[in-house]
Amino acid sequence: MKKLNRISKLLTALIIVMLLNIILLLLPSVLKPQLKSVEGQTSSPDIESNIFQNIPFPSKSSTNDANINSGSRTDQDFADKEDKEESLEESNTLTLCLMGDLMCLAGQQYSAERSDGSHDYTGSFYLLRNTFSTFDFVIGNLETTLSESNPYSTKEREVNEQPNCNAPADYLASLKWAGITHLVTANNHSLDGGVIGIEETIAHLDEYGIPHTGTYSEDEDGVHYMIMEKNGIRIAVLSFTELINQRALVTKTQLSKIIDSYSKTKVRENIEKAREDGADFVIVYEHWGSENVHDVRDYQKSHAKEIAEAGADLIIGSHPHCLQEMEYISTSDGRDVPCFYSLGNVVSSMTREINHDTVFVQIYLERNTEKRGESTKKTDASSSAKSVTISSLTWLPCHVLTTFDGHSRVITPVDYKVSDKKIKKELAEAKTRIEKILPPPQNLNKTTPQKH
């Protein structure tokens, strides 16, 4: 009997073990459809809740990382985008620094020459490099050709009884180092090296990546202005000359193609084209006047009026190699156009005292946006009328010291603090001379522009 009981218990245990094995074998096939239902988001909310409730929610940083990796967008991404767009809307200003004649005469070339035959002119600009870096664009008049096919100024001071302005192309390296971003090239020395001189100068400007306007290759079909843009403000710069040496080197047809010579019609046509190209603000560089005199000639006044009436917003004069006055020209459409008749030499090795005083014009432009209707949405770009105005116009008076701090021909702000009594006196005298021609501007900050 006892033996039968043991056998019965063993059979019962065996049956239980077999049943358990059968259940374990069948369990995956029973659960599989339910798991598929969860993955396909077709199961009940209760099942989803039970499955995911113990999975830790990812942190904010890991969520952003995952979204970056997968290319998806989060609410934070959209918020960041809105912040950036708001920031761009608030960035409605553009700053400019404009200067006069960048000479590179024989004396400058001799002083800058290094033992390997290259040239380093950075000593002329080192006191202003940080100042230039604060501006969006820095523009000057390149009054030299850069042509290796023609003799440099160190080899021949004159060509056909006219001063020869021609320099090695590495002058551009120092200008770029200084922070000068754009150059105009129409002036009386543009043709000193003939057509080949213009073509090689253009090639070197392109090689150094410096935008330019004023002179062109004979087969150039592009526009005769350069455009610069930032913060939604689009500026056009035009360059014209009324004086050209060495005209006999080219035909009249060639001359009309390669240099922007001044004419009332051409100025108006080019400004109109720049406006059609979206220019909000137009600057005209004009090469005119008499050398080494502060007096403005009558024809300069007359042509300045024509340029302003043609639609220019600012006129910058060059060629006299010294400072001349500035004035506001009132136009028939109610604008007041600032005109600087001459900013003088930025730097040169010319010998007269008058040749070493200069100013750097500092302009703040502001974009103004006004709604065209009360129901217009702010984000609708087509709903706003855009205008760009000068919110501040100032200038920095400087004087070129022949030597200073171990450098040659150093452009120095007249208020620069020095201990040397002789240099201190020289800067003070330069300041007095400059202020007689261009009194200190009254709008010393960019929020309260005034005329003086």
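**Glycine 406.** I looked up glycine 406 in this predicted model and noted that it counts as exposed, at 81% relative accessibility; exposed means over 50% relative accessible area, buried under 20%, and partly exposed in between, with a 1.4 Å probe and protein chains only. Glycine 406 sits in the loop between strand E15 (384–404) and strand E16 (407–413). Helices (H or I, at least four residues) and strands (E, at least two) are DSSP runs, numbered from the N terminus.

**Basis of the entries.** I number residues from 1 along each chain as its sequence is written, and side-chain values use heavy atoms, with hydrogens and water left out. As the model is predicted, local features need pLDDT of at least 70 and side-chain atom pairs count only at pLDDT 80 or more, while totals for chains, interfaces and linings use all residues.

**Confidence.** I read a mean pLDDT of 83 for the protein, with 75% of its residues reaching 70 or more; pLDDT is the predictor's confidence in each residue, from 0 to 100. Over residues 30–82 the pLDDT stays under 50, and the model has 16 contacts for this stretch beyond four places in sequence. Residues 444–452 also have pLDDT below 50, with 21 contacts beyond near neighbours in sequence. Contact means heavy atoms within 4.5 Å.

**Asparagine 245.** I located asparagine 245 in the loop between E8 and helix H9 (252–258). Its relative accessibility is 14%, so it counts as buried. Beyond neighbours within four places in sequence, I listed its contacts as Gln162, Asn188, His189, Leu191 and Asp192.

**Cavities.** I counted 3 cavities of 30 Å³ or more. A cavity is a set of points, on a 1 Å grid over the protein atoms alone, where a 1.4 Å probe fits but cannot get out, and lining residues have an atom within 4 Å of a point. Grid points are joined across faces, edges and corners, and a volume is the space filled by probe spheres set on the points. The largest cavity holds about 60 Å³. Among its lining residues I noted Leu142, Asn187, His189, Ile198 and Thr215. The lining divides into 2 nonpolar, 8 polar and no charged residues, where Ala, Val, Leu, Ile, Met, Phe, Trp, Tyr, Cys and Pro count as nonpolar, Asp, Glu, Lys and Arg as charged, and the others, Gly among them, as polar.

**Salt bridges.** I counted 12 salt bridges, each a side-chain nitrogen of Lys or Arg within 4 Å of a carboxyl oxygen of Asp or Glu. Arginine 234 pairs with glutamate 229, the closest N and O atoms being 2.9 Å apart. Arginine 234 is partly exposed at 21% relative accessibility, and glutamate 229 is partly exposed at 46%. Arginine 234 also forms a salt bridge with aspartate 277, at 3.4 Å between the closest N and O atoms. This pair links distant parts of the chain, 43 residues apart: aspartate 277 in the loop between helix H10 (264–276) and strand E9 (281–287), and arginine 234 in strand E8 (residues 233–241).

I next examined arginine 433 and aspartate 357, whose closest N and O atoms are 2.7 Å apart in a salt bridge. Arginine 433 is partly exposed, at 23%, whereas aspartate 357 is buried, at 5%. Lastly, I noted that salt bridges with shared partners join Arg275, Asp313, Asp333 and Arg335 into one network.

Technical notes:
On a 1 Å grid over the protein atoms alone, a cavity is a set of points where a 1.4 Å probe fits but cannot get out, and a pocket is an open set with protein on both sides within 12 Å along at least five of seven lines; lining residues have an atom within 4 Å of a point.
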